[in-house]
Amino acid sequence: MGREERQALIEQYARGAEAVERALAEIPPSLWMAHPLPGKWSAAEIVHHLADSEMTSAIRLRRLLAEESPAIVGYDQDLYAARLGYNERPLEPSLEAFRAARAATIPLLQRMSDEDWQRAGTHSESGRYSAEDWLRIYAAHAHGHADQLRRLAEALLPQGNHTITSIESKDHG
Ligand code: NI
């Protein structure tokens, strides 16, 4: 991956929290726990997932930088949603955790050397996992869930004027 591509992905990552907040603003708080799409997450479940996934991702990056070949352990995000009460807890603290995990990570990304970007560990499901792999995944992650929130808004408020900009990305663990 060249420096320009990396810089573009860092900028995409830096815009992720705002994209989620904008999409969430299209859904009234009274509908944050609604499930209009069978088998799909509610807005609350998406935001709690973002908090847990992104706090985990922030630690993963730190481990890639500070440890030698760390073991990166995958997890079942649906089990997290069920056991951690994603559709029962207030959403604002998790939105703040997501935003803060990113804000604290952006300065780290900006100071990484070419060598740092090649550092890698081993993911329990996908194998070799480099800092560049990390960047590809999390540059896209929040934007994928922002799209998911817009689809949810469309299902909840079909008469509204919503814009869906891209297809849901495959998730991660
Ligand atoms: Ni996700």
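**Entry 1: the sheet**

I looked up the strands and found an open sheet of three, in the order β1-β2-β3, with mixed pairing. Strands here are DSSP runs of E with at least two residues, helices are runs of H or I with at least four residues, and both are numbered from the N terminus. Two strands count as paired if DSSP finds at least two bridges between them. I noted that β1 (71-72) and β3 stand at the edges with a single partner strand each, so one side of each has no neighbour in the sheet.

Before going on, I wrote down that this is a predicted model, in which local features need pLDDT of at least 70 and side-chain atom pairs count only at pLDDT 80 or more, while totals for chains, interfaces and linings use all residues. Residues are numbered from 1 along each chain as its sequence is written.

**Entry 2: the bridges**

I checked β1 against β2 and found that they run parallel, joined by two bridges. Ala71 has Thr122 of β2 as its bridge partner, and Ile72 has His123 of β2.

I then checked β2 (residues 120-123) against β3 (residues 127-130), which run antiparallel and are joined by four bridges. Ala120 is bridged to Ser130 in β3, and His123 is bridged to Gly127 in β3. β2 and β3 form a hairpin, with three residues between them.

**Entry 3: Ser69**

I looked up Ser69 and found it in the loop between α3 and β1. Its phi is near 45 degrees, which is a positive value in a residue other than glycine. Most residues other than glycine have a negative phi. The cut-offs are 20 or more other C-beta atoms within 10 Å for buried, 12 or fewer for exposed, and partly exposed in between, with C-beta atoms placed from the backbone.

**Entry 4: helix α7**

I traced helix α7 (residues 131-156), which has 26 residues. From its first C-alpha to its last, α7 reaches 38 Å, close to the 38 Å expected at 1.5 Å a residue. The expected span is 1.5 Å times one less than the number of residues. Where does α7 bend? α7 bends by about 30 degrees at His141, the bend being the angle between axes fitted to the seven residues ending there and the seven starting there.

**Entry 5: what packs on α7**

I looked at helix α3 (residues 43-66) and found that it packs with α7 at an angle of about 170 degrees, with the axes 11 Å apart. Axes are lines fitted to C-alpha atoms, for helices over the stretch in contact, and angles run from 0 to 180 degrees between N-to-C directions. α3 and α7 are therefore roughly antiparallel. The residues that make the contact include Ile46, Leu50 and Leu64 of α3 and Trp134, Tyr138 and Leu149 of α7. Contact means C-beta atoms, placed from the backbone, within 7 Å of each other.

I looked next at helix α2 (residues 16-24), which packs with α7 at an angle of about 5 degrees, with the axes 8 Å apart. α2 and α7 are therefore roughly parallel. The scale is under 35 degrees for roughly parallel, over 145 for roughly antiparallel, 65 to 115 for roughly perpendicular, and oblique for the rest. Among the residues that meet are Gly16, Val20 and Leu24 in α2 and His141, Ala142 and Arg150 in α7.

**Entry 6: Ile46**

I went back to Ile46, which is in helix α3. Ile46 is buried, because 24 other C-beta atoms lie within 10 Å. Apart from neighbours within four places in sequence, Ile46 is in contact with Trp41, His145, Gln148 and Leu149. Trp32 is 14 residues from Ile46 in sequence and 9.6 Å from it in space, C-alpha to C-alpha.

I traced helix α5 (residues 92-110), where 19 residues reach 28 Å from first C-alpha to last, close to the 27 Å expected at 1.5 Å a residue. Its buried residues are Ser94, Phe98, Ala101, Arg102, Thr105 and Leu109. The buried residues of α5 pack against α1, α2 and α3.

Glu11 is exposed, because 11 other C-beta atoms lie within 10 Å. Glu11 and Gln110 are 99 residues apart along the chain, and their C-alpha atoms are separated by 9.9 Å.

Note on methods: Two residues are in contact if their C-beta atoms, placed from the backbone, lie within 7 Å.
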